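Colleague: Hi! Could you walk me through this one?
Modeller: Happy to, let me put it up.

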Amino acid sequence: MNKYLLFCFALILCANIGFSQKNNAKKVNFKEIIWHVKAFKPEAKYLKIKAIDKKGKVYNVKAIQNSEQTSLLDVKAFVKGKRLPIKMLVGDEKYYPVKAIDEEGNILDIKAITEDGKFLPVKGVSKSGNIVHIRAIYQDMIFYNVIAISPDGTTNAVKGIKMNPDKVETTVNGIEVFAHIKSIPQVTY
């Protein structure tokens, strides 16, 4: 399964590079499409996913489509006119923390918000090869899937992607990153 997933991502990456080069040659203008990022459980309603700073201010989390392809989208926190990267951080916890990182290395929490205003942590809970499954966690027992939804109703899964086997994938503004957060087509395992 690990080799299969890696092969699939290599194909997606090659297709994206080829598509990007083709469009650059034609100078095609593409209007950016913003996808909503939500948590859900089939028998429950959607929960909003938000970035929260240290003062408690809440910001949107969105997936960004900037070409015709929808197979690999960036997931960002929209904070004070800037788009901050959302990453899975290196940690010694039971689960991998998912956070936004600003230019100064400050960390914003990524949380799901229930109908009654409770904040649920959003974390990487398990791995399948290079893919880390992200869930909103209720009382350490109930897991909500995290997805991106396009304006036309198309859905992608939001996952952590490891590009190399090292514990530290990269460093962003002084913060060690375990995996990149992307919106990818949902795969049945």
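Colleague: What share of the residues in the protein is buried?
Modeller: Buried residues are 44% of the 189 in the protein; buried means under 20% relative accessible area, exposed over 50% and partly exposed in between, with a 1.4 Å probe and protein chains only. Bear in mind that this is a predicted model, where local features need pLDDT of at least 70, side-chain atom pairs count only at pLDDT 80 or more, and totals for chains, interfaces and linings use all residues. Residues are numbered from 1 along each chain as its sequence is written, and side-chain values use heavy atoms, with hydrogens and water left out.

Colleague: Thanks! How many helices and strands does the protein have?
Modeller: There is one helix, along with 13 strands. In sequence order the pattern is α-β-β-β-β-β-β-β-β-β-β-β-β-β.

Colleague: And the largest nonpolar core, how many residues are in it?
Modeller: That core has 34 residues, and Val 37, Ile 49, Ile 86, Ile 110 and Val 122 have the most contacts inside it. Its largest share, four residues, comes from E4. By nonpolar core I mean a set of buried Ala, Val, Leu, Ile, Met, Phe, Trp, Tyr and Cys residues joined through side-chain atoms within 4.5 Å. A second, separate core of five residues includes Leu 89, Ile 101, Ile 175 and Val 177.

Colleague: What does Val 37 touch, leaving aside neighbours within four places in sequence?
Modeller: Its contacts (heavy atoms within 4.5 Å) include Ile 49, Val 61, Lys 62, Val 75, Val 146 and Val 158.

Colleague: New topic: how many cavities of 30 Å³ or more are there?
Modeller: One, with about 60 Å³ of space in the largest cavity. Its lining includes Val 37, Ile 49, Val 75, Ile 110 and Ile 181.

Colleague: Which loop holds Lys 80?
Modeller: Lys 80 sits between strand E4 (73-79) and strand E5 (82-89). Its phi is near 50 degrees, a positive value in a residue other than glycine.

Colleague: Is Lys 80 buried or exposed?
Modeller: Lys 80 is exposed, at a relative accessible area of 67%.

Colleague: And where is Asn 173?
Modeller: Asn 173 is in the loop between strand E12 (170-172) and strand E13 (175-185). Asn 173 has a positive phi of about 50 degrees although it is not a glycine, and is partly exposed, with a relative accessible area of 40%.

Notes:
Helices (H or I, at least four residues) and strands (E, at least two) are DSSP runs, numbered from the N terminus. On a 1 Å grid over the protein atoms alone, a cavity is a set of points where a 1.4 Å probe fits but cannot get out, and a pocket is an open set with protein on both sides within 12 Å along at least five of seven lines; lining residues have an atom within 4 Å of a point. Grid points are joined across faces, edges and corners, and a volume is the space filled by probe spheres set on the points.
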